[in-house]
Amino acid sequence: MELKHQLPAKAEVLKTSRVKFYKKEILRNKYVYLMLLPVILYYLIFHYGPMYGLLMAFQKTYSPVKGILAGTWIGFDNFKMFFESYYFWRLIKNTLILSFFSIVLGFPAPIILALLLNEVRVKWFKSTVQTVSYLPHFISVVVVVGMLKSFSALDGGLFNVFRSLFALEPVMFLAEKDMFRPLYILSNIWQGAGWGSIIFLAALAGIDSQLYEAAKIDGAGRWKQLLHITIPGIMPTVVVLLILRLGAVMNADFQKILLMQTAPTYETSDVISTFVYRSGILEGNYTYSTAIGLFNGVINFGLLILANTISRKLNSSSLW
Amino acid sequence: MKRSTGEHIFDAVNVVLLCGVIAISFYPMLYIFNSSVSDPDQMLRSRSFMLLPEGFQLEAYKHVFQNPKIFSGYMNTLFYVVVGTAVNLLMTSFAAYGLSRADLFGRKLLMKLITFTMFFGGGMIPTFLLIQNLGMVNSRWAILIPGAISTFYFLIMKTNFESIPDSLIESAKLDGANDFTILFHIVLPLSKAILAVMTLYYAVDHWNDYVAPMLYLRNQDLYPIQIVLRDILISSSTEAMGGGVDTGFAIGENIKYATIIVSTLPIVLVYPFIQKYFVQGALIGAVKQ
């Protein structure tokens, strides 16, 4: 009997003391909470709000009037429809191919540039190369794609002037499905290599100069120094960035692809995000394209966790 | 130090390769500039690599400067950059200051919830419908508010605030300052470098943004420059190019080249002066990762 009486009383005391504690804490930091209020609202509304909207993926149609919970639930039918559709493999394939070549060709480019720059002894030349190679980074995507379009013009576009050197017929590059991937990847390298080299240059600057002195005494030439000191020296940076890059394999650059693609190139240029845009925003298939977006998001999230785990094991550095 | 023949060859090859990098980076821009001032007919006939302009005209630039869409696009972009960046900085500072307070109750949970949004989100369609339901479609709010905080920049700023000694803030509190006063009069003035970097990054993001305006704006009077550029450069809309002026095909191409120059030159000219801040920013971002 006594015990029964005591227990709720104790809990009661604990509860009131905890409430008191919260009250005190919140009052003590009231201005901080006031500051954080808009921040919390922002994340709730604009980040968690759309996550709530993901429930649409499991519904038949979306009604703006009735809201999300009133719809007809159809389980995974939208996903099934997507997996069985003609587009599924095409979208997966395009996304992976663009990602693969961006990594194989695009990832080493800034590293090579940084290594070349690192060997330059003349300061003004080095800074000139850097300034000029960063420049394309500051051109907006719209303008870069606009440049590509002008260059591929049939009449006197730069690319076709080149082709005419080899007596080749002019080609409308952006309308050729076989040209999409090289144009996309090469223009990415053109725009990003200089800028991407900054971080590797920083890593290079961090290598102990005594190592080079020692190597010189041992008779190592510049090439040997590069192989045995410089490259091992930046390897940790390279590995971390590569793993992070691998974590985003399912992310193609939506902004650029959307601007670059034309109906004749859909076969090679259409990726998940551009398909979601067309099918969802332009054609109004809200629930279906939400399901596709969710599928992509979940795979991305999984890859990122995998990449992070590997990174933590190999380098003991991770995002969280 | 004495150099061997091998070293000389090494250096020569290196210089040649890097000159190639300069040429590849710079040539497309030179080509565009030369094309924009070239005589359209002469340019079509010669089909050269445009190392120098073919003939000369400024007609194309006249069209660009007289184009009311480009002017209003510039003005709108200016608005989005200035007001948007101000909103970004205020909100990011609030978030970074608040969550850098180690003694804040609930801080860990908030950090987890915020970091999670970096890796997972609702995606395009739910976000679009949310903004539509909030009645923000076709208003400037849709450009300014939904991206008010970049979580990545917030993390950078928070790390920076955390390096400010706590004793400074404690003593200010003892003097009766509240957290707003501390943020604006102590923490922010001590973080000028990081503020400069954040300002640049946010401003550039606003300048380059075309996805949000494409999704949420219908009214042409609100279009930023990037949407105007897209219409001129990519959709080749003659209406966007010069308000229904019959420009003819050849000069039409020149107008595109001139448009690229007019919309890119300001940044390219300012950029060498602020380059060091950008590099600083790129490094801060990288180190954190």
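# Talking through the model

Tutor: Let's start with residues 141-161 of chain B: they are 71% helix and 0% strand, with the end C-alpha atoms 29 Å apart. This is a predicted model, in which local features need pLDDT of at least 70, side-chain atom pairs count only at pLDDT 80 or more, and totals for chains, interfaces and linings use all residues. Residues are numbered from 1 along each chain as its sequence is written, chains are lettered from A and ligands numbered from 1 in the order in which they are written, and side-chain values use heavy atoms, leaving out hydrogens and water.

Student: What makes a stretch count as helix or strand?

Tutor: Helices (H or I, at least four residues) and strands (E, at least two) are DSSP runs, numbered from the N terminus. Residues 255-274 of chain B come out as 100% helix and 0% strand. In chain A, residues 96-117 are 95% helix, with end C-alpha atoms 32 Å apart, and residues 226-248 are 91% helix, with ends 30 Å apart.

Student: How do you know which residues of chain B carry the label "transmembrane region"?

Tutor: That label comes from UniProt, in an unreviewed entry, which places it at residues 12-33, 77-97, 109-129, 141-161, 182-204 and 255-274 of chain B. Such annotations may be inferred rather than shown by experiment; their positions follow the numbering used here, and feature names are shortened. For chain A, the UniProt spans with this label include residues 96-117 and 226-248.

Student: What makes A:Arg222 and A:Glu119 a salt bridge?

Tutor: The test is a side-chain nitrogen of Lys or Arg within 4 Å of a carboxyl oxygen of Asp or Glu. The closest N and O atoms of A:Arg222 and A:Glu119 are 3.1 Å apart, so the pair passes. A:Arg222 belongs to helix α11 (residues 222-246) and A:Glu119 to the loop between α5 and α6 (123-134) of chain A, so the pair ties together parts that are 103 residues apart in sequence. With 6% relative accessible area, A:Arg222 is buried, and A:Glu119, at 8%, is buried too.

Student: How do you know what B:Glu162 pairs with?

Tutor: It has a salt bridge with B:Arg107, where the closest N and O atoms are 3.3 Å apart. B:Arg107 is in helix α5 (residues 107-119) and B:Glu162 in helix α8 (residues 151-162) of chain B, so this pair ties together parts 55 residues apart in sequence. B:Glu162 also meets B:Lys158 in a salt bridge at 3.2 Å, N to O. B:Glu162 and B:Lys158 are both in helix α8 of chain B, four residues apart, or about one turn of the helix. B:Lys158 is buried, at 10%. Elsewhere, salt bridges that share partners join A:Glu119, A:Arg121, A:Arg222 and B:Asp11 into one network.

Student: What makes a nonpolar surface patch with A:Leu37 in it?

Tutor: Patch residues have over 30% relative accessible area and no salt bridge; like charges are joined within 9 Å, and nonpolar side chains (Val, Leu, Ile, Met, Phe, Trp, Tyr) within 5 Å. A:Leu37 has 48%, so it clears the accessibility cut-off and counts as partly exposed. It lies in helix α2 (residues 30-53) of chain A. Together with A:Leu41, A:Leu44, A:Ile45 and B:Leu134, A:Leu37 makes a patch of about 440 Å². Accessible areas come from the Shrake-Rupley method with a 1.4 Å probe; for residues, only the protein chains shown count as cover.

Student: What is phi of B:Met50 and of B:Asn138?

Tutor: For B:Met50, phi is near 60°, a positive value in a residue other than glycine. B:Met50 sits in the loop between α2 (40-46) and α3 (59-66) of chain B, and at 2% relative accessible area B:Met50 is buried. For B:Asn138, phi is near 65°, again positive in a residue other than glycine. B:Asn138 is in the loop between α6 (124-133) and α7 (141-144) of chain B, and its 32% makes it partly exposed.

Note on methods
Buried means under 20% relative accessible area, exposed over 50%, partly exposed in between (1.4 Å probe, protein chains only).
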